Amino acid sequence: MRSFVSFVSLLVGVGSGAKCGLAAGNAVCDPELCCSEAGICGTGTAFCGAPGCQLSFGPACDGNQIPAGSDTSKIPRPLFGNVPYGVDISHCSATGKVALTFDDGPYIYTTELLDLLKSAGVRATFFVVGNNGGKGHINNPSSGYVPIIQRMIADGHQVASHTWSHQDLNAATPEQRRAQIINNEIALNSILGVIPTYFRPPSTRCGADCYNDLKSFGYHVVNYDIDTRDWQDGGANAKSIYQTILSQHRPASSQWISLAHDVQPFTVHEFAKYMIDTARGLGYNLVTVGDCLDDPPANWYRNPTTGQAKDVRGASPPAVLKQSASVGGQQGSSSAVSSGSSSQSLAQPTAPGTTAKTSSSVVPTPTAVVSVDFGLGKIVDGTSTSRTAAATAVGASLLPSSGGATMPTSCWAGGICLIWWILGLFMV
Ligand SMILES: [Zn+2]
């Protein structure tokens, strides 16, 4: 039956509402459509948002989009400094230090976190994702994230990569894995004028081929030794986890890399201050990941032309190309325009720490997307958890339906679609 369905799909195409993916005989959606995590073709954040959208079966998945900016894949990648490349680093080297790390942002809460860190005099590390949860391309000025990421640098934080769309790098094809690395570079380079040398694989999923890729692209692979699980149950256990680990050791003989997420309101509104106060109360110093590895700031980034180390402190960020694409999961592949395209116009250069001026002199504010799924609960430390629960924790309500022959109302208009749905009933 499945082969028959696949044969039919070749004849009628795989349109909106049709099944796609492994459970549908590897059916691929039409070029303008996304294949949701539940295996249904469609459009909108619920279908296209990363990391749930299935890259191999949904051509228009957010994770398949390419950001505007110069291609960085061919630049030299000299390996400078004393921190090893392409191997798991989960521990600081300098005692008495705690490196707070925030993953999966920026998002609508990140500015509040930056304000808190600044008022507390704390420097942290942000593992940035380029296009997840339907938030849009981080380097699209209309998304509002450009000045936020530039502020991270201006405030003395470290900016590192956490992939373009938070895909599982072990499940990705080699081409998809490299695109996850390079596309985030392209976006960050267009915002900062440099390429990070620090990287964290989503959910620490990175096999031998993944580590080899990251070494060839000149990345330190930084994981963590405190998993606060701030995404789980509204952060119910996060304070206990963090405080217990720190208090059971002494600053004179221990050091830590702590994982939290700036896409979590609990973390930004409450937990970040707790982490700061607790660490300081126990005698730890709060530093960036680079600092806790005794790596000079110049080594945290590389020049996008020469590949050599580049110190960004005090440097002006580049002008950022304005894209015509809208924010959210509906940018489509048409937003994958190259630098210098006639469809773009230049925004004004922005001084570090100041408010960006776009061509319209209005800085957009990042807005919450309707359906947020950052995939936090998908795989954590090798244990499958409830993805829906994680999405709910950040305000989601519109995950695609899972299982069964779900058919959106829009599908009713097409007779072929109806036939397809009926055939799909036999595959459940
Ligand atoms: Zn993550």
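The model is a predicted one, in which local features need pLDDT of at least 70 and side-chain atom pairs count only at pLDDT 80 or more, while totals for chains, interfaces and linings use all residues. Residues are numbered from 1 along each chain as its sequence is written.

**The chain as a whole**

The secondary structure of the protein chain comes to eleven helices and 17 strands, where helices (H or I, at least four residues) and strands (E, at least two) are DSSP runs numbered from the N terminus. Of the 428 residues in the protein chain, 52% are buried; a residue is buried if 20 or more other C-beta atoms, placed from the backbone, lie within 10 Å of its own, exposed if 12 or fewer do, and partly exposed in between. Among the contacts in the protein chain with a separation of 6 or more, 72% are accounted for by residues 24 or more positions apart, a contact meaning that the C-beta atoms of two residues, placed from the backbone, lie within 7 Å.

Strand S11 covers residues 256–261, and six of its six residues are buried. In a regular strand the side chains alternate between the two faces of the sheet. In S11, Trp256, Ser258 and Ala260 point one way, whereas Ile257, Leu259 and His261 point the other way, and all are buried.

Strands pair if DSSP finds at least two bridges between them. Strand S4 (residues 97–103) is joined to S11 by six bridges, and these two strands run parallel. Strand S10 (residues 226–227) also runs parallel to S11 and is joined to it by two bridges, with serine 258 of S11 as the bridge partner of isoleucine 226.

**Helices H3 and H8**

Two packed helices are described by the angle between their axes and the distance between the axes. The axes of helix H3 (residues 110–120) and helix H8 (residues 265–281) come within 10 Å and cross at roughly 25 degrees, the axes being lines fitted to C-alpha atoms over the stretch in contact and the angles running from 0 to 180 degrees between N-to-C directions. H3 and H8 are therefore roughly parallel to each other, since angles under 35 degrees count as roughly parallel, over 145 as roughly antiparallel, 65 to 115 as roughly perpendicular and the rest as oblique. On the H3 side the contact is made by Glu112, Leu113, Leu116 and Ala120, and on the H8 side by Val268, Ala272, Lys273 and Ile276. These residues divide into six nonpolar, no polar and two charged, with Ala, Val, Leu, Ile, Met, Phe, Trp, Tyr, Cys and Pro counted as nonpolar, Asp, Glu, Lys and Arg as charged, and the others, Gly among them, as polar.

**Backbone features in loops**

| Residues joined | Omega |
|---|---|
| alanine 50 and proline 51 | about 10 degrees |
| glycine 105 and proline 106 | about 0 degrees |

Proline 51 lies in the loop between helix H2 (45–48) and strand S3 (88–89), and proline 106 is found in the loop between S4 and H3.

Threonine 204, in the loop between strand S8 (198–199) and helix H6 (208–216), has a positive phi near 55 degrees although it is a residue other than glycine. Threonine 204 counts as partly exposed because it has 19 C-beta neighbours inside 10 Å. Aspartate 233 lies in the loop between S10 and helix H7 (238–247), and its phi is likewise positive, near 55 degrees. With 13 C-beta neighbours inside 10 Å, aspartate 233 counts as partly exposed.
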